[in-house]
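Subject: Handover of a structure for your study

Dear colleague,

Please find below the structure that I am handing over to you. The notes after it set out what was found.

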Amino acid sequence: MGYHTRETNTVPCGYHELNPEMEALLAEYLEDGKRKGLQESSIHLHDKIGHYFLSALADTGCAAPQAMNAQNVGARV
């Protein structure tokens with residue numbers, strides 16, 4: 001996966017693989033952003049940040065969106 005810069009060069013994104021539940025949550029979040037009119041560049045940024053955030057949550061043992069809480073969101077791995 002990659003995104004296009006203004007120079008139309010493709011820059012690879014080093015996304016972390018997410019489990020299906022977290023991937024579905026992120027996809028729903030990004031789709032909501034599209035419906036609200038976010039620009040494509042913003043969607044790419046939210047996608048990248050979301051992958052890193054949800055990957056870090058998984059590293060704390062949070063494997064499902066329903067398991068998110070203040071402790072695992074604020075945990076340091």
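This is a predicted model: local features need pLDDT of at least 70, side-chain atom pairs count only at pLDDT 80 or more; totals for chains, interfaces and linings use all residues.

Residues are numbered from 1 along each chain as its sequence is written, and side-chain values use heavy atoms, with hydrogens and water left out.

Salt bridges

Side chains of opposite charge can pair when their charged atoms come close. Here a salt bridge is a side-chain nitrogen of Lys or Arg within 4 Å of a carboxyl oxygen of Asp or Glu, and by this rule the count comes to two. In one of them, Asp-32 pairs with Arg-35, and the closest N and O atoms are 3.4 Å apart. Both residues belong to helix α1, where they are three residues apart, about one turn of the helix. Helices in this account are DSSP runs of H or I with at least four residues, strands are runs of E with at least two, and both are numbered from the N terminus. Arg-35 is exposed, at a relative accessible area of 58%.

Asp-32 also meets Lys-36 in a salt bridge, with 3.0 Å from N to O. Lys-36 is exposed as well, its relative accessible area being 65%. Through shared partners, these salt bridges join Asp-32, Arg-35 and Lys-36 into one network.

The overall plan

How many helices and strands are there in the protein? There are three helices and two strands, and from the N terminus on they run β-β-α-α-α. Of the 77 residues, 22% count as buried. A contact means heavy atoms within 4.5 Å. Among the contacts in the protein with a separation of 6 or more, 48% are between residues 24 or more positions apart.

The packing of α1 and α2

Two packed helices are described by the angle between their axes and the distance between the axes. Helix α1 (residues 20–35) and helix α2 (residues 40–59) pack at an angle of about 155 degrees, and their axes are 10 Å apart. That angle makes α1 roughly antiparallel to α2. The axes are lines fitted to C-alpha atoms, for helices over the stretch in contact, and angles run from 0 to 180 degrees between N-to-C directions. Angles over 145 degrees count as roughly antiparallel, under 35 as roughly parallel, 65 to 115 as roughly perpendicular, and the rest as oblique.

On the side of α1, the contact is made by Met-22, Glu-23, Leu-25, Leu-26, Tyr-29, Leu-30, Gly-33 and Lys-34, and on the side of α2 by Ile-43, His-46, Asp-47, Gly-50, His-51 and Leu-54. These residues divide into seven nonpolar, four polar and three charged. Nonpolar here covers Ala, Val, Leu, Ile, Met, Phe, Trp, Tyr, Cys and Pro, charged covers Asp, Glu, Lys and Arg, and the others, Gly among them, are polar.

Individual residues

Is Leu-30 buried or exposed? Leu-30 of helix α1 is buried, with a relative accessible area of 11%. Leaving aside residues up to four places away in sequence, Leu-30 touches Ile-43, His-46 and Asp-47. Leu-30 and His-46 are 16 residues apart in sequence, and their C-alpha atoms are 7.2 Å apart.

Leu-25, also in helix α1, is partly exposed, with a relative accessible area of 32%. Not counting residues up to four places away in sequence, Leu-25 touches Leu-54, Pro-65 and Met-68. Leu-25 and Pro-65 are 40 residues apart in sequence but 7.2 Å apart in space, C-alpha to C-alpha.

In helix α2 we find Ser-55, which is buried at a relative accessible area of 13%. Beyond residues up to four places away in sequence, Ser-55 touches His-16 and Leu-18. Helix α2 also holds Ala-58, a partly exposed residue with a relative accessible area of 40%. The C-alpha atoms of Ala-58 and Val-73 are separated by 9.8 Å, and the two residues are 15 residues apart along the chain.

With kind regards

Note on methods
Buried means under 20% relative accessible area, exposed over 50%, partly exposed in between (1.4 Å probe, protein chains only).
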